[in-house]
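Please keep the sequence and the model at hand while reading the points below.

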Amino acid sequence: MIEITDAAQEKLLEIQNSREEEIVGLKVAIKGRGPAGFDHSMQFVVAGEEPEDAVITEAGELRIFVEQGSVDNLKGSKINFIPATGVFDIENPNPPFVWDDPLAQQVQDVLTEQINPGVAQHGGWITLLNVKDDVAYIELGGGCVGCGLVDVTLKQGVEVAIKASVPQIVSVVDTTDHASGTNPYFQQSKNDPHHQADKGGQAPASPFA
Amino acid sequence: MSPTRPEAPPSRVLLLMATKTYRAGAFLEAASRLGIPVAVGSEETHVLSGLNPRGNLQVDFHDLEGATDKIVEFAQENPLDTIVSTDDDGVVLAAMASDALGLTHSPMVAVRAARDKYHTRQALTAAGMRTPEYLRFSVDDDPSEIAQQVSYPCVVKPLALAASRGVMRADDPEQFVVAFERLVSILRGVEHGDGTPVGDQILVEGFIPGAEVAVEGMLIAGELLVLAIFDKPDPLDGPYFEETIYVTPSRHPQEVQAEIVDATGQAVAALGLTEGPIHAEMRVNEQGAWILEVAPRSIGGYCSRALRFGSDATLEELILQQALGHPLNSTEPASPASGVMMIPIPKAGILCEMQGVASAQEVPGIEEIRLTIPVGQAVVPLPEGSQYLGFIFSRAENPERAEAALRQAHARLNFVILPPDEADSHEPGETAVDVPDFRAQNKPN
């Protein structure tokens, strides 16, 4: 399902072996979508904290826990490590803006065709995270974050456009501030260093530091 | 809430809001919860306004006549039932445009007077209310000469800036000259969005000792409905007047609270305000209540989040209901006590790191900590600055606990602010946080 290059495998094992905790694998998931495609996340899985619903696959000496909801969108992906920059990269051949859910696809089309071209002029983008119970969950990126008019853009622009084109949508929820704990939908795992940092807690060291 | 007649089209609100407002989300959410269609008038249109032309209007708050014409023209195609300004910036325009459209609103002359500290003083004096001695000067006047005319201690303040910006106490002529010149410098460095200066006049008034309180109220056909009295437990004796903690309900004796309410009612009547939210600030001492300010708007910043009514209705919901002439939801407090702390900026520099947020959030009674300045941004304390690092909100069974929670949470926070030349090389520690919900700073009025 997921391929890991030799360089990536070597580096991951090196980091894994340097950790004090017993690491049993690597969790990979689609965290979101940005203008460049999927936004991936990778975390080491500590023994005893294995995700219950993940699909487990082996890649060389590494055990990969693929988050259930990300399985389809991670098929055929390849994890690379680029020594020159010291960063990992996931090549994902799947189209990022294609959804199995027809309702989500309609919302995605509105974002792609009507909304994001305008938002991009101001250096921002808006990502659809999911559609659930006729509610569209979105996230802001780039220049949208911190914009003084962001609430107006959302309520008077994004929500109006989505509801006009997809009347079944009853609400559009911005999850950009989910890290403040105010949003009940987009819950990140407790082992996600980004989440911990946002909450002001002790951020566990990134596996890729 | 439903419209008054099921067959009638839903009432429509024009919300006037500056682009840098903190209040957009709260008002838009309130309108959404009440099912009220909204148009937004602001100095700039947002990037998607073309997708919803009926919902967005560009207006210049400083070109009152031009903006009023635009609103009237807009209303011909998109009928409006009321106009509400979310902050100070748009209150005069809201009044003027309401007049032009025949919508219920406080008279423009009253709103104008309330926006100007000198005219407020005149109105309160004429009504025989307790008010400090006051004099108005130009930024071009000689502070050394003025220093001989005023009594001490006194307070110098700009006529138009908000959030205690530029307000300084002077106890003698020497301090007065320094404070006056400092305020002149502040005023000369602050412009409206269109490049015009915010003001060239300075008010000098007697310092009134005593406890400071704030009143949040609603005017309905000239009748004052008090929604909350906030105590400000931190002494505000100068030299600068940084707001920190607001706690409600008030712990002043009932007779003092009655005097506070009475003074607020007299002040709004003296100014001629009749409709909509009001926010009054006053000092209370052995002589009684001294009105410092009555603003024809609701409490600023994110502070309204400290108030919840009935089954968790927001202040903004009540404001919209009142503006449309709808019956108000319950105005009973939703909790026994609540408070908000505006986190002061301790020193100037670059905000490099914020520590202890998670720990502060765990303090019993703390409901939310909302940081408003992102790491990497320059911060300036009072009197030159106009921002806070963020807001802490508490809710508890009594005001003592609500206040204690705010203080305890604040004590757990640490803000690393460094000079610009040291900021670049600063490496955040393990507890550094990003600001997930940054809102740009308020602009001067």
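Helices and strands are here DSSP runs, numbered from the N terminus; a helix has at least four residues and a strand at least two. In these terms, D134(A) lies in the loop between β8 and β9 of chain A. The structure is a predicted model, and the predictor gives the complex an ipTM of 0.74 and a pTM of 0.80.

**Confidence in chain B**

- The mean pLDDT of chain B is 89, and 92% of its residues reach 70 or more.
- Residues 1–6 of chain B have a pLDDT below 50, and this stretch has seven contacts in the model beyond near neighbours in sequence.
- Residues 430–445 of chain B also stay under 50 in pLDDT, and the model has 58 contacts for them beyond four places in sequence.
- Where pLDDT is low, the predicted coordinates should not be read in detail.

**Overall form of chain B**

- Twelve helices and 21 strands make up the secondary structure of chain B.
- The C-alpha trace of chain B spans about 65 × 55 × 50 Å along its principal axes.
- The radius of gyration of chain B is 22 Å, which agrees with the value near 22 Å for a compact globule because that value follows from its 445 residues.
- Of the 445 residues in chain B, 51% are buried.
- Among the contacts in chain B with a separation of 6 or more, 68% are between residues 24 or more positions apart.

- Strand β16 of chain B covers residues 337–343 and is mostly covered, with seven of its seven residues buried.
- In a regular strand the side chains alternate between the two faces of the sheet.
- From β16(B), A337(B), G339(B), M341(B) and I343(B) point one way, while S338(B), V340(B) and M342(B) point the other way; all are buried.
- β11(B) and β16(B) run antiparallel and are joined by four bridges.
- One residue pair between these strands is I245(B) with its bridge partner M341(B) in β16(B).
- β16(B) is also joined by seven bridges to strand β20 (residues 390–396) of chain B, and these two strands run antiparallel.
- Here the bridge partner of V340(B) is F393(B) in β20(B).

**A three-stranded sheet in chain A**

- In chain A, three strands form an open sheet in the order β8-β9-β10, with mixed pairing.
- Its edge strands are β8 and β10 (171–174) of chain A, each of which pairs on one side only.
- On average, neighbouring strands of this sheet are turned by 30° against each other, direction ignored.
- β8(A) and β9(A) pair in the antiparallel sense over eight bridges.
- Within this pairing, W125(A) stands opposite G141(A) in β9(A).
- Helix α3 (residues 102–120) of chain A packs on the sheet and touches β8 and β9 of chain A; its direction makes about 170° with that of β8(A).
- Helix α4 (residues 150–165) of chain A lies across β8, β9 and β10 of chain A and runs at about 145° to β10(A).

**Backbone features in loops**

- Most residues other than glycine have a negative phi, and most peptide bonds are trans.
- D133(A) is not a glycine, yet its phi is positive, at about 55°.
- D133(A) is placed in the loop between β8 (124–132) and β9 (135–142) of chain A.
- D134(A) has 12 other C-beta atoms within 10 Å and so is exposed.
- In chain B, the peptide bond from Y152(B) to P153(B) is cis, with omega near -5°.
- P153(B) is found in the loop between α6 (143–146) and β6 (154–158) of chain B.
- Another cis peptide bond joins G238(B) and P239(B), with omega about 5°.
- P239(B) belongs to the loop between β10 (223–232) and β11 (245–248) of chain B.

Terms used:
Residues are numbered from 1 along each chain as its sequence is written. Chains are lettered from A and ligands numbered from 1 in the order in which they are written. This is a predicted model: local features need pLDDT of at least 70, side-chain atom pairs count only at pLDDT 80 or more; totals for chains, interfaces and linings use all residues. A residue is buried if 20 or more other C-beta atoms lie within 10 Å of its own, exposed if 12 or fewer, and partly exposed in between; C-beta atoms are placed from the backbone. The radius of gyration is taken over C-alpha atoms; the globule rule is 2.2 Å times the number of residues to the power 0.38. Two residues are in contact if their C-beta atoms, placed from the backbone, lie within 7 Å. pLDDT is the predictor's confidence in each residue, from 0 to 100. Two strands pair if DSSP finds at least two bridges between them. Axes are lines fitted to C-alpha atoms, for helices over the stretch in contact, and angles run from 0 to 180 degrees between N-to-C directions.
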